[in-house]
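Visitor: I'm new to this one. Could you show me how to read it, feature by feature?

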Amino acid sequence: MGKAMALLLAERDYRVFAAGRSAQKRAELDRIAAQKNLPLETVELDVCDDGSVERAVEMVLQKSGSLDVLINNAGVAYVATIEDLRMEDWHRQFETNFFGVVRVTQAVLPHMRERGKGRIVLISSVAGLITAPAQGGYSATKHAVEALGNALRLEMGSFGIQTILIEPGFIMTGIQQAAQELARPYDHKIRTGPYARLYAAFLSSAQNASASSKTTPEDCARVVLEAIETPIPKARYGVTPMARYVKWAKRLLSDGVMDRMSLRRFGVRD
Ligand SMILES: NC(=O)c1ccc[n+]([C@@H]2O[C@H](COP(=O)([O-])OP(=O)(O)OC[C@H]3O[C@@H](n4cnc5c(N)ncnc54)[C@H](OP(=O)(O)O)[C@@H]3O)[C@@H](O)[C@H]2O)c1
């Protein structure tokens with residue numbers, strides 16, 4: 001989704017600094033940008049590394065002189081139950097999805113605050129609103145991102161900085177493959193542990209939902225563009241139809257009803 005956002009914004013003539021830790025992905029984006037003659041350059045950035053974040057933000061400010069929009073997009077997803085997810089993976093899950101966002105946001109806030117202008121986009125998730133079984137760790141980070149966005153909105157609004165939460169549902173991207181790789185150490189537990197039935201039900205339901213989702217990374221990029229360009233942005237934007245439905249269902253239905261729907265949706269209960 002980061003690639004789709006970077007390309008769409010560059011095509012709309014924004015000067016884009018697309019940051020990531022993968023040299024291969026950066027080279028591919030540089031190649032497309034050069035081919036299409038887009039105002040896009042890539043920057044090395046690992047959101048889990050203080051030094052890397054400092055260097056990247058400094059470099060962008062040096063080159064551009066100012067920073068109008070920050071999009072916090074990097075994320076990983078571990079699939080494991082609360083009991084199974086190992087402590088080191090809880091830390092990794094939060095280090096990327098939550099502390100990474102805090103780290104990059106803190107690095108750009110002084111600049112935006114002094115300028116009295118800026119927009120911070122946080123790529124949250126429908127998992128920031130509701131929680132699926134076997135996704136407790138991922139969902140906890142996205143709930144934390146929602147709280148971060150709420151606090152930033154209240155703290156930074158008077159400095160002219162707007163904060164926007166983007167809440168996509170299932171979209172086919174690299175995250176499904178990356179999640180499979182992160183789940184490898186849990187293979188044995190997933191197949192034969194006490195939660196085997198739950199994992200099987202969750203994985204097949206999540207796979208079907210991702211495969212049948214008609215929403216693309218480019219659709220998400222268009223929502224982000226709208227959030228960036230509209231004069232008065234909303235606090236949060238749902239991206240897929242499911243995300244918009246969940247937002248209302250959560251407001252209108254009791255926890256008991258939501259739990260039953262979730263158990264049915266993820267095939268844990270008929
Ligand atoms: N796809 C969905 O269904 C969905 C739904 C709701 C929300 N989201 C959210 O959307 C965002 C983008 O995810 P995606 O679906 O586009 O998945 P993706 O294709 O796996 O992209 C995630 C990107 O984050 C990067 N990343 C991971 N750790 C990083 C780090 N420490 N420093 C810098 N970059 C790092 C990854 O780069 P590497 O190659 O270096 O790992 C990857 O390019 C995530 O925050 C995700 O939680 C996705």
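Predicted model: local features only at pLDDT ≥ 70, side-chain atom pairs only at ≥ 80, totals over all residues.

Visitor: How many helices and strands does the protein have?

Guide: Helices (H or I, at least four residues) and strands (E, at least two) are DSSP runs, numbered from the N terminus. Here they come to 11 helices and 6 strands. The radius of gyration is 19 Å, close to the 18 Å that the globule rule gives for 270 residues, so the protein is as compact as a globular protein of that length. (That radius is taken over C-alpha atoms, and the rule is 2.2 Å times the number of residues to the power 0.38.)

Visitor: What does strand E1 pair with, and in which sense, parallel or antiparallel?

Guide: Two strands pair if DSSP finds at least two bridges between them. E1 (residues 16–20) runs parallel to E2 (residues 40–44), with 5 bridges. Ala-19 has Val-43 as its bridge partner in E2, and Phe-17 stands opposite Glu-41. Between E1 and E2 the chain passes through helix H2 (residues 23–36), a right-handed β-α-β crossover. Right-handed means that, with the strands pointing away from the viewer, the path from the first strand over the helix to the second runs clockwise.

Visitor: Is E1 buried or exposed?

Guide: A residue is buried if 20 or more other C-beta atoms lie within 10 Å of its own, exposed if 12 or fewer, and partly exposed in between, with C-beta atoms placed from the backbone. In E1, 5 of the 5 residues are buried, so the strand is largely enclosed by the rest of the structure. In a regular strand, side chains alternate between the two faces of the sheet. Both faces of E1 are covered, with Val-16, Ala-18 and Gly-20 on one side and Phe-17 and Ala-19 on the other.

Visitor: Where is Asn-72?

Guide: Asn-72 belongs to strand E3 (residues 69–72). It is buried, because 23 other C-beta atoms lie within 10 Å.

Visitor: Which residues come nearest the ligand?

Guide: A residue is near a molecule if its C-beta atom, placed from the backbone, lies within 6 Å of it. Of the 25 residues around the ligand, Ala-74, Gly-75, Thr-173, Gly-174 and Ile-175 come nearest. Helices H4 (87–115) and H6 (175–182) each supply at least two residues of that shell.

How values were computed
Residues numbered from 1 in each chain as written.
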